[in-house]
Amino acid sequence: MKRASIVAVLALLALGGCRNQGQESPMPLAYPAAAKVDVVDDYHGTTVADPYRWLEDVDSEQTRAWVAAQNELTYGYLAKLPARERIKQRLTELWDYPKYGAPFKEGGRYFFSKNTGLQNQSVFYVQESLDAEPRVLLDPNTLSEDGTVALAGMSIARDGKKMAWATSVSGSDWQTWYVRDIDTGKDLTDKVEWSKFSGASWDEKGEGFYYSRYDAPAAGEDLTGTNFFQKLYYHKVGTPQSQDVLVYERPDHQDWGIGGDVTESGDYLIISIWKGTSPQNLLFYKDLRDPAAKIVELLGEFEAEYGFVEHDGGVFYLTTDLDAPRKRLVAVDTANPAKDAWFELIPQKDITLQGVGMINGDEFVAEYMKDAHSVVYRFDHHGSPLGEVALPGLGSAGGFGGHRADTESFYTFTSFLYPPTIFKYDFKTGVSTVFREPEIDVDLSDYATEQVFYASKDGTKVPMFLVHRKDIELDGKNPTLLYGYGGFNASMTPYFSISRLQWVEMGGVFAMANLRGGGEYGEEWHQGGMLKNKQNVFDDFIAAAEWLIAEKYTSPAHLACQGGSNGGTLVGAVINQRPELFAAALPAVGVMDMLRFHKFTIGWAWTSDYGSSEDPEMFPVLRAYSPYHNLKDGTCYPATLITTADHDDRVVPGHSFKYAARIQEAQGCDNPVLIRIETKAGHGGGKPTAKIIEEVADEWAFLAYHLGM
């Protein structure tokens, strides 16, 4: 690694008194006027006011005027923060290094992505061999001047001749699919619209692909209308979308999501049915060798998660959490699929199975998670252990893709202080060799990562990662950023982040708590933080903050919290419940109105994790922690920078708009509560590098000022 250039680091100040540390704001704050309307809803006999309902209409003239005024205030404030330009300059320097995606092989060719450093979008390449000169196959940076059109999906036909690729515009979840000839690099006439939450899976001959889509939304509702009745289609190359074949739909189940994947052999179409964000799914299949074959409902109850791995004839290898909350691998004979006839190949362990691949002939590669970091094991065709894949340390490994006949594979390993490094793994020798290693302009040996365990309110042991300078003093004065998510079975594992590296370079401590609601310890851990158990997530996060204070890493005057999406909900709920614990807060694209989230786009799908206000048993639970509904007038809330985007069609921006208007009204002290509304951006996916750097510079400058850095 290169030695870092000299960067001036401001001394930390001993702070006390009120939460804004007695400093004057960069500019006087006069929040834009937000009209209040007389809207009251009745939930099972309980009336709830919603005075900012009009902000749900994000395209109205009134809302547009409010957004413009809020952005004028926020961007004016941020521009005057003293460290903002220095932070942006250093962040740009750190970001500017080549970044590669792990290569994969299809049809004898290798494919990979690369970003030279500051490109808004990564470029996709093809090469005839690992030693051949790569050529550009697709450069998304040419699709728009500002980088707001992103590559949202890609699939290579098994002969390596065609590529299906999808775009996303301004961060929307909507995908439009095209087909490119890989030999010529030119697109064919194909255009497939209104796809969402879908990949493209080619048939064996490369004549067409399977994909999922919704009906076209009504005019003006593409970013807010609910998404129901997903359907599975087959598109034949060279034909208009109007001729696509409807493969499967369920008009009797508007909330079923339907995805299809062709097996490596080309023999079967595997259809997975999902409902909401629950990991439980159904598994169907269709024999593609027989044009007259019907779809077979192999596993037709929402009782567990099933993941298709591979097959030998009519024997399917599946991962499942049925009777195994940390998952296992089973063999299911489609001729006799009764559960008592299943053969268990890899039993459940005391660590969490994340995924299994089949490679090197009949070998299974199983990726596990142990205390929120990766462990990888190999097993033979009968499930007998073949040993562990040695990883460089405590971190996250992903990859091990390829075809069953391959004897080599690639994987990426990363950790907080280990930039993403691509390894080539030889299954014959069991040896990993570095394939591509990035060079970062900073000496990472100056920093340390540690994992600690703390007790939550109910005594549950929760892990937390800490990243900081090695010479840290435990004097309670370190600016600390506590990050969390805690939901939807999502695991927070160590990975390298340039922005977080800059935070610790500035002298900060970064803390990431592995809260209940995630998948770090399997389905039991997930269920421990969902539905009526959601308060456990907030208790876990609050306990993490109290541990950091008790161990003198920091103090309330130097502590900030951060989370996005479901994590934005977390931040909003926690600063409502314990505002005195934090000096600053960064809630991003959060679900802030827990009573109405299910009425927009894909929000209905989250009821599997949250529940619904239409359920009389769940209404009081949601009402008790909903960030928007639990703000109290006159309370001193932390300095808060809310972030959202005008094209977020997953968590619609109305959530953050209403929350911002209400917290500005309720704020009882001089701490600023601001909302930063990005344009031509969505929930986060596909965001151009330039926009990311601007947003992070604003966030770090905001924290630096309000934590006294």
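Reader: How many of the residues of strand β18 (residues 281–287) are buried?

Author: Buried means under 20% relative accessible area, with exposed over 50% and partly exposed in between (1.4 Å probe, protein chains only). In β18, 7 of the 7 residues are buried, so the strand is largely enclosed by the rest of the structure. Strands here are DSSP runs of E, at least two residues long, and helices are runs of H or I of at least four, both numbered from the N terminus. This is a predicted model, in which local features need pLDDT of at least 70, side-chain atom pairs count only at pLDDT 80 or more, and totals for chains, interfaces and linings use all residues. Residues are numbered from 1 along each chain as its sequence is written, and side-chain values use heavy atoms, with hydrogens and water left out.

Reader: Which residues of β18 lie on one side and which on the other?

Author: In a regular strand the side chains alternate between the two faces of the sheet. In β18, Asn281, Leu283, Tyr285 and Asp287 take one side. Leu282, Phe284 and Lys286 take the other. Both faces are covered.

Reader: Which strand pairs with β18 over 7 bridges?

Author: Strands of a sheet pair through backbone hydrogen bonds, either parallel or antiparallel. Two strands pair if DSSP finds at least two bridges between them. Strand β17 (residues 268–275) joins β18 over 7 bridges, in the antiparallel sense. Isoleucine 273 stands opposite leucine 282.

Reader: How many bridges link β18 and strand β19 (residues 296–299)?

Author: There are 3, and the pairing is antiparallel. Phenylalanine 284 has glutamate 297 of β19 as its bridge partner.

Reader: In what order do the 4 strands of the open sheet run?

Author: The order is β24-β25-β26-β27, with antiparallel pairing. β24 (352–359) and β27 (385–389) stand at the edges, each with a single partner strand, so one side of each has no neighbour in the sheet. The twist averages 25 degrees from one strand to the next. Inside the sheet, 7 bridges join β25 (residues 363–370) to β26 (residues 373–379). Alanine 366 has tyrosine 377 in β26 as its bridge partner.

Reader: At what angle do helix α3 (residues 498–505) and helix α10 (residues 689–706) cross?

Author: Axes are lines fitted to C-alpha atoms, for helices over the stretch in contact, and angles run from 0 to 180 degrees between N-to-C directions. The axes of α3 and α10 cross at roughly 25 degrees and come within 11 Å. The helices are therefore roughly parallel (under 35 degrees; over 145 is roughly antiparallel, 65 to 115 roughly perpendicular, the rest oblique). Contact means heavy atoms within 4.5 Å. Ser499, Arg500, Gln502 and Trp503 of α3 meet Val696, Trp700 and Leu703 of α10.

Reader: And how do helix α2 (residues 84–95) and α3 pack?

Author: Their axes are 10 Å apart, at an angle of about 125 degrees. That makes α2 oblique to α3. The contact is made by Ile87, Arg90, Leu91, Leu94 and Trp95 of α2 with Ile498, Ser499, Gln502 and Glu505 of α3.

Reader: Is asparagine 71 buried or exposed?

Author: Asparagine 71 counts as buried, at 13% relative accessibility. Its place is in helix α1 (residues 61–79). Not counting residues up to four places away in sequence, asparagine 71 touches Gly76, Ile675, Arg676 and Ile677.
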